[in-house]
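Here are a few quick notes to read alongside the model. Have a look at it, then go through the points below.

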Amino acid sequence: MRSHMIKHVVCFRLKDAALVPQWQELSVPLESIETVQNFAALPLLEQSRFHCALYMEFDDQEGLKYYQEHPTHLHYVRESIPPVMKEKLVVDLVG
């Protein structure tokens with residue numbers, strides 16, 4: 001079976017929209033994880049429910065799994081982001 005590229009999108013609602021620059025700084029280390037491609041941490045144009053989003057691509061599900069289990073990612077979700085985050089929505093697109 002042929003692997004399909006995974007487009008991983010995580011939308012964040014922060015405790016305050018003014019925290020977007022801090023969130024961007026906290027997100028930068030994720031780009032260094034070996035399987036991450038085309039990384040972006042950007043504010044959303046329409047700031048209604050969510051303020052900002054991460055976008056990255058992976059060659060396949062194995063690459064996404066490697067990222068999710070990587071110590072840098074685990075530190076991000078357990079330590080870095082909780083103080084600024086109110087809510088998140090994760091979407092993985094395949095194709």
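1. The buried residues of α3 pack against β1 (6-14), α1 (20-27), β3 (52-58) and α2 (61-69). Bear in mind that this is a predicted model, where local features need pLDDT of at least 70, side-chain atom pairs count only at pLDDT 80 or more, and totals for chains, interfaces and linings use all residues. Residues are numbered from 1 along each chain as its sequence is written, and side-chain values use heavy atoms, with hydrogens and water left out. Helices (H or I, at least four residues) and strands (E, at least two) are DSSP runs, numbered from the N terminus.

2. Which residues of α3 (71-80) are buried? They are H73, Y76 and S80; buried means under 20% relative accessible area, exposed over 50%, partly exposed in between (1.4 Å probe, protein chains only). Their arc around the axis is only 100 degrees, so they sit on the same side of α3; the arc is taken from the directions from the helix axis to the C-beta atoms. P71, R78 and E79, on the other side, are exposed.

3. Now S27, which lies in α1. S27 is buried, at 0% relative accessible area. Its side chain reaches the backbone oxygen of W23 at 2.8 Å. Beyond neighbours within four places in sequence, S27 is in contact (heavy atoms within 4.5 Å) with F39, A41, L54 and Y76.

4. Don't look for disulfides (cysteine sulfur atoms within 2.5 Å): the whole structure has zero. The sulfur of C11 is 8.6 Å from its closest cysteine sulfur, in C52, too far for a bond. Both cysteines are buried, C11 at 15% and C52 at 0%.

Note on methods: A polar contact is a pair of N or O atoms within 3.5 Å; within protein, one must be able to donate a hydrogen and the other to accept it, and residues adjacent in sequence count only if both atoms are side-chain atoms.
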